[in-house]
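Dear colleague,

I am passing on a structure that you have not worked with before, and I would be grateful if you could look through it with the notes that follow.

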Amino acid sequence: MGVEFERICCRRVAKFFVVILVLAVLAGMASISTAKPATYLYLEYPMDVTVSFSYNGKLCGTYPKYNDGWNITAYPNGRIVNHADRRDIEEALQIRSKIEAMTIDAGADTEVAIQGAELWAEHVVVVAHEMNMPVKDTMGLIVQKASGELEEVAANGELNGLKQMGKQAEANLSRDEAAFAQVVDSAANGQKPAYIIERMMTTPLALFLAEWSYNAKNAESLNKQTQNMTIREIDVSYSVIKKMMNKHNLSPGDIKKLPRLLADPIAVFESSPFSQSAKKKSDIKPIVAMIEMRDNNGATVIVPVYLEEDIQGKRGKYNIVTSAYGRTKSNTTTPNSQWFINEANAGRTLYINNNKISAWANQLRVSFPSLATMRRLNPNITTEADLVKARDENQSYYQGSEDDRHNNRATRGMFHIDPETGNRIITLFKANNRSTFVHEIGHAFLADLHMMAEREAASELVKRDWGTIRNWLGMSEDQRTPTREQHEQFADGFLNYLENGYAPSKSLRGAFIRIKGWLREFFAADEIRRILISEEVSLVYDRLLAAPDEVLNNHAGIGQSYEAHQ
């Protein structure tokens with residue numbers, strides 16, 4: 001049964017044709033309620049619209065918030081953008097619906113899927129606002145069911161380690177190699193390229209380590225991320241590939257090996273800009289990778305790269321390969337091994353694999369500076385030990401009870417980031433329960449907070465929130481990324497925050513009430529560990545789910561109440 005509004009007012013700000021159809025609202029009779037949409041707009045072209053109404057009753061909930069009227073931009077295709085928070089309503093609703101469906105398909109409880117999807121949709125809007133981008137362009141979330149093979153890996157206790165992620169990293173690198181090989185073959189055959197700039201690979205961890213060292217050496221942030229990093233491609237132009245072949249005499253087979261060799265280089269050095277035009281740019285970041293390849297003259301091949309470059313017509317930053325050639329003496333074909341030694345002695349080493357550089361030096365019978373010597377010139381040099389640690393920090397995260405984590409039994413869920421797309425991926429196992437999905441969402445929230453805080457354009461509030469979480473997790477000053485244990489602390493802390501039941505905004509009160517109801521049984525059974533979270537930390541969780549001006553701040557004295565509860 002529906003009840004009409006007493007009056008409907010629509011103010012036109014441009015001439016248009018609009019029909020408003022009121023289906024139903026909660027009116028004067030408390031027993032009558034509905035969850036159906038209240039207003040439809042039919043437009044011939046995009047326009048700004050203000051919609052308001054008077055009614056005898058109470059609105060239990062609106063989306064977006066009513067606030068004495070809606071000021072929106074409506075489009076004929078159904079898209080609606082709310083002026084109050086710049087929220088693309090249609091996009092947020094689509095994301096919520098998509099996450100619900102994926103989560104149910106992955107084997108989660110329907111109620112869990114609905115409430116978890118609502119949390120994620122609100123979070124995506126927060127991320128979009130911070131990064132000043134459309135909701136649809138933010139990092140996506142994929143929820144999937146664990147395959148039989150992955151269930152078997154988890155059952156065998158092999159998920160807690162490098163094996164699972166090692167297989168994934170190898171698969172991604174092989175895929176990059178195969179795709180780049182097709183580009184090289186096209187160039188070798190003289191075929192016209194589909195794009196002037198071609199993708200070579202996802203930037204490998206070794207080059208991220210070199211970039212961190214570069215930034216540290218040049219007095220920039222010492223917190224450069226390796227896990228949860230901003231995903232960037234390594235691109236190369238068609239003309240550069242042709243130059244590698246024709247000018248530098250590298251075979252197509254050699255060029256196809258570049259992705260794998262860049263993933264595990266001998267060393268990386270800081271360099272001067274490689275061209276006169278580049279020298280005019282103050283923000284240029286040139287590096288040179290030394291790889292395990294020799295040209296026809298026996299010279300060690302180097303690969304110059306510009307970090308964080310803009311590409312015309314493409315959004316975001318990219319790492320650009322500008323060439324690849326054997327390092328020879330000027331205007332000769334004589335190998336120049338001394339050049340690498342000079343770079344090290346000049347303090348330009350950023351990353352070095354000690355085993356590989358020793359093998360290289362022994363083979364050529366030259367003396368290369370020791371790591372201790374190089375670190376006197378640049379204390380921020382990274383090594384293969386850092387690479388192993390970075391790979392460890394980029395493992396998947398998984399959820400289970402405390403006993404499960406130690407005994408590798410009954411894995412319930414897993415979180416990781418796709419290195420190619422940047423998508424946050426949650427995998428649900430057969431043993432998942434009603435706490436699993438929201439626990440894994442906690443991992444995704446930490447990844448997003450880290451990502452947002454590391455941006456040059458990060459707001460002061462986000463930087464402060466990241467500092468709050470770093471302190472709470474016990475991260476050291478020079479620690480770049482949270483450890484597995486710290487990630488689990490944040491995710492378990494998120495469950496404690498949800499079980500506390502204080503919603504950050506009015507729109508999430510219903511979700512928090514429901515989530516608190518089902519989490520309570522897990523805490524009562526000691527299946528989720530109790531973690532003391534302060535008011536300050538609770539507010540960080542709030543701001544991952546609601547805009548700062550929407551946060552209700554219900555957490556005064558929360559630390560004391562948790563201690564009493566425990």
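Ser323 counts as buried, since its relative accessibility is 5%, where buried means under 20% relative accessible area, exposed over 50% and partly exposed in between (1.4 Å probe, protein chains only). Please bear in mind that this is a predicted model, in which local features need pLDDT of at least 70 and side-chain atom pairs count only at pLDDT 80 or more, while totals for chains, interfaces and linings use all residues. Residues are numbered from 1 along each chain as its sequence is written, and side-chain values use heavy atoms, with hydrogens and water left out.

Ser323 is found in the loop between β12 (318–321) and β13 (325–326); helices (H or I, at least four residues) and strands (E, at least two) are DSSP runs, numbered from the N terminus. Its side chain makes a polar contact with the side chain of His248 at 3.3 Å, a polar contact being a pair of N or O atoms within 3.5 Å of which, within protein, one must be able to donate a hydrogen and the other to accept it, and residues adjacent in sequence count only if both atoms are side-chain atoms. Leaving aside neighbours within four places in sequence, the residues in contact with Ser323 (heavy atoms within 4.5 Å) include Val240, Lys243, Met244 and His248.

**Aromatic pairs**

Rings of Phe, Tyr and Trp (its six-membered ring) pair if their centres lie within 6.5 Å, and planes under 30 degrees apart count as stacked, over 60 as edge-to-face and the rest as tilted. By this rule the count comes to 13 aromatic pairs. Trp120 and Phe445 form a stacked pair, because their ring centres are 6.1 Å apart and their planes are at 25°. As Trp120 lies in helix α2 (residues 110–131) and Phe445 in helix α15 (residues 436–453), this pair ties together parts that are 325 residues apart in sequence. Trp120 is buried, with a relative accessible area of 1%, and Phe445 is buried at 0% relative accessibility. The rings of Phe490 and Tyr541, by contrast, are tilted, because their centres are 4.9 Å apart and their planes are at 50°. Phe490 lies in helix α17 (residues 484–500) and Tyr541 in helix α19 (residues 535–543), and both residues are buried.

**Helix α17**

In α17, 16 of the 17 residues are buried, so this helix is largely enclosed by the rest of the structure. After α17 comes Gly501, whose phi is positive, near 90°.

With best wishes
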